[in-house]
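Visitor: I would like to learn how to read some features of a structure. Could you walk me through them?
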Amino acid sequence: MEKLKEFGINGEVRGRVKQLYSIYQKMNRQAIEFHDIYDITAYRIIVGTVKECYEALGVIHSLWPPVPGKFKDYIALPKANMYQSLHTTVIGPYGERIEIQIRSWDMHKIAEEGIAAHWKYKEGGMIEEEDERRFSWLRQLLEWQMDLDDSGEFLQTLKVDLFPAEVYVFTPQGEVKEFPKGAVPIDFAYSIHTDVGHQCVGAKVNGRLVPLNYQLRNGDTVEIITSPKHHPSRDWLKIVKTSRAKTKILQWIKAQQKEKSIALGRELCERDFKKLGLNFSKFRKSGDLHKVAQEFSLTNEEELLASIGYGKITTQQVIGRLAPEKVKIDEKKEGEGRLERVIKKMTSRSKGLVKIDGIDDLLVRFGGCCDPLPGDKIVGFITRGRGVTVHTMDCINALAVDPRRRIEVRWALEGDSTFPTRIRVYSTDKRGMLAAISSSISGNGVNITGAQIKTSSDGNAVSTFDIEIGNVKQLKKVIDSLQKIKGVMRVERIRGWQGPSGL
């Protein structure tokens with residue numbers, strides 16, 4: 001602080017030494033060695049103005065040499081949550097690395113108390129431009145929350161923006177935009193405008209064409225190529241990183257699904273009404289169909305047609321409300337939805353794998369994109385014409401499906417059912433390693449149905465095994481036993497190897 005005062009900079013210096021347990025946690029969390037941790041000793045300098053922040057930085061770098069690549073300017077380029085500070089790491093007076101954060105008191109208040117601490121009530125509703133900028137992030141969160149019907153989807157997309165590793169890129173006009181690490185041109189397109197994102201067909205980065213899965217890098221200048229005839233793809237959900245892009249793609253997919261369901265519901269009604277000599281169009285024009293929709297607690301006839309297309313309401317139920325004299329609805333059939341009847345018709349197994357709404361012994365389809373195993377948290381979706389498809393709760397394809405097609409499912413296994421699963425083992429390439437791995441798998445009562453081994457010139461090997469597993473617990477036991485083998489570096493479960501999702 002004395003050196004800062006010599007240059008006319010007044011402020012406060014705070015210091016701390018990282019606790020041993022915090023060091024241990026960071027080493028495990030980031031998979032780094034002790035010598036890669038640079039904030040064992042850290043100081044925070046709090047000054048009055050932005051100008052003094054940069055002046056203090058100059059003083060620090062004049063006293064001790066900075067570590068290359070360890071400087072972050074979050075003042076010029078704030079984080080998405082409006083966090084601002086200068087971060088630098090220097091070689092201290094005794095040769096140790098010291099992390100130093102420099103910020104103003106205003107920035108410190110934001111970092112410690114959040115952006116809400118800076119909300120100032122303005123008479124007449126007038127808000128300063130700086131306050132408006134700080135709260136635009138909160139408004140954006142509210143927009144995402146309203147766009148997504150499912151709270152789980154909102155939390156899944158929100159996690160991306162809470163603690164991102166930032167990448168800064170430029171528009172052709174020189175405007176700086178911030179994205180999480182791993183973001184692609186599609187993320188950039190949606191940050192410009194929803195329509196630009198929907199119509200994105202390609203991108204130029206630094207003047208050259210790049211694929212849509214190109215990961216943006218610091219300093220890139222990005223230009224989006226659009227086509228009015230182009231539409232989002234479900235596959236985009238696997239590569240985009242920002243909440244905004246995921247939300248807008250999900251919205252578009254759900255809107256398309258709803259339109260298809262409405263068309264299917266209308267087609268089913270016209271066919272079944274005609275069989276009974278009824279004029280479907282007449283009921284629509286008279287407003288009777290709208291009244292039936294309200295009886296089912298739906299807002300309008302489009303919602304009713306969509307529910308019929310989804311399989312949640314039958315045409316017989318609708319006809320029974322409009323013209324009960326034309327059809328006699330058995331109470332049992334009225335309670336039994338279209339989904340249940342379709343599934344019972346498809347049933348061919350004596351022992352069910354899952355239970356759906358209390359119905360036993362069902363033949364269901366499992367999503368090839370996530371390969372559910374007993375013990376995984378699962379969710380079912382009505383698949384028109386094919387019964388029910390089961391996915392894991394965190395499957396990206398499941399998150400993209402309209403929540404109204406979702407139904408509760410749970411595992412209901414009997415006997416010794418097994419499921420095909422694939423695991424990958426990363427190990428050193430030495431004599432006896434394959435035998436040790438195979439023996440470990442078989443020793444856990446698991447059958448190996450296939451194997452692929454690849455070796456590299458650096459003395460390592462990647463072994464892929466197709467196995468038959470009973471549940472997640474057994475799979476974990478297999479993985480744990482493999483990881484205990486000397487020379488095995490990592491074991492992972494491979495999902496999506498059996499094929500498409502089937503939604």
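Guide: Let us start with helix α18 (residues 472-483), where K476 and D480 are four residues apart and so separated by about one helical turn. Helices here are DSSP runs of H or I with at least four residues, numbered from the N terminus. This is a predicted model, in which local features need pLDDT of at least 70, side-chain atom pairs count only at pLDDT 80 or more, and totals for chains, interfaces and linings use all residues. Residues are numbered from 1 along each chain as its sequence is written, and side-chain values use heavy atoms, leaving out hydrogens and water.

Visitor: What does K476 form with D480?

Guide: Side chains of opposite charge can pair when their charged atoms come close. K476 and D480 form a salt bridge, with the closest N and O atoms 3.0 Å apart. The term means a side-chain nitrogen of Lys or Arg within 4 Å of a carboxyl oxygen of Asp or Glu.

Visitor: Is K476 buried or exposed?

Guide: K476 is exposed at 52% relative accessibility, while D480 is partly exposed at 31%. Buried means under 20% relative accessible area, exposed over 50%, and partly exposed in between (1.4 Å probe, protein chains only).

Visitor: Which parts of the chain does the pair K258 and E303 link?

Guide: The side chains of K258 and E303 meet in a salt bridge (2.6 Å, N to O). The pair links distant parts of the chain, with K258 in helix α9 and E303 in helix α12, 45 residues apart. K258 is partly exposed at 23%, whereas E303 is buried at 16%.

Methods: Helix = DSSP H or I, 4+ residues; strand = E, 2+ residues; numbered from the N terminus.
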